[in-house]
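Dear colleague,

Please find below the structure for your review.

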Amino acid sequence: EMNKFWGDSGEYGVPGYTSGQLITIGGVDPKTGEDATNAVTYMCLQASGRLVLHDPPTALRIHKGMPEDLWEAAIETNKICGGVPSMENDEVIIPALMDRGLPLESARNYCAVGCVEPGGCGDEWCACGGTGGGDFFNMVNALMVGINNGANPMPRRDWMTGKTLPPKQVGPATGYLKDFTSFDQVLDAYKQQVELFVKMHISLTNSFEYVARQHMPLPVVSSTMEGCMEKGADVMWGGAKYNSTGIAGVGIGNLADSLQMIKHL
């Protein structure tokens, strides 16, 4: 098992979080698109299942040409470890990466980054779950705020003093759930909050990246990433062959459940 030390505020936010040193197995051959399963694919699953390892986390790339034996091995491992391996759908992810600008061969060679975010392997500095210093976008909080007139009713905590603070107006005044007469009003309120918060996250991420590249070079990553040596540039300065970034939207399952329950009731 691996673990890493966090600061106190990090532990409050993500206790028990993984190391992020994820291993991606399975998938297809980058050149032919045919199944690339081999003996090591099974060995990784067997090691996780035999030792009941949750770390390093493991992602299995699934597709229509995957062997039946691999399905069986993955399911049995999941039954033992719970959530290991996670399943990454090649049929959806490869076209999505190509839509984002990666060529076919690079998209076929993708791996999951840290948790479940797909990106080019060894040629893309994707930061698709954020840059590591940015925050996560809580999609459920946007709904809570949207149906409470722009304020989150959950108690807030002052990290310095530990005192509980009253709710604060953080988004546009979109009305209260008790006053809505249709589900479309709920969706509209939610969309208004998301539009504001996504803009805020983008602004913060942009600011962070401008500062971080001055103070946080990544020479080891850069030495292994295609494009950096050719350009003579660190990944933090756009040295990789392909570059992108992203905001980690979390809570999508809880959000879907919440919206469905509101619609049902």
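Please note that the model is predicted.

As to the chain as a whole, its C-alpha trace spans about 60 × 45 × 40 Å along the principal axes. Of its 265 residues, 32% count as buried. When contacts between residues at least 6 apart in sequence are considered, 62% of them join residues at least 24 apart.

The second largest pocket may be of interest to you. Its volume is about 240 Å³, and 14 residues line it. Trp125, Glu209, Val235, Met236 and Gly238 are the lining residues that lie nearest the centre of this pocket. Helix H7 (residues 183-215) contributes the largest share of the lining, with five residues. Sorted by class, the lining of this pocket consists of six nonpolar, six polar and two charged residues.

One individual residue was also examined. Val52 is located in the loop that runs between helix H2 (39-51) and strand S2 (58-62). Because its relative accessible area is 38%, Val52 is classed as partly exposed, a term that covers values between the 20% limit for buried and the 50% limit for exposed. Val52 and Val84 are separated by 32 residues in sequence, and their C-alpha atoms are 9.3 Å apart in space.

Yours sincerely

Key: Residues are numbered from 1 along each chain as its sequence is written. This is a predicted model: local features need pLDDT of at least 70, side-chain atom pairs count only at pLDDT 80 or more; totals for chains, interfaces and linings use all residues. Side-chain values use heavy atoms; hydrogens and water are left out. On a 1 Å grid over the protein atoms alone, a cavity is a set of points where a 1.4 Å probe fits but cannot get out, and a pocket is an open set with protein on both sides within 12 Å along at least five of seven lines; lining residues have an atom within 4 Å of a point. Grid points are joined across faces, edges and corners, and a volume is the space filled by probe spheres set on the points. Helices (H or I, at least four residues) and strands (E, at least two) are DSSP runs, numbered from the N terminus. Ala, Val, Leu, Ile, Met, Phe, Trp, Tyr, Cys and Pro count as nonpolar, Asp, Glu, Lys and Arg as charged, and the others, Gly among them, as polar. Buried means under 20% relative accessible area, exposed over 50%, partly exposed in between (1.4 Å probe, protein chains only). Contact means heavy atoms within 4.5 Å.
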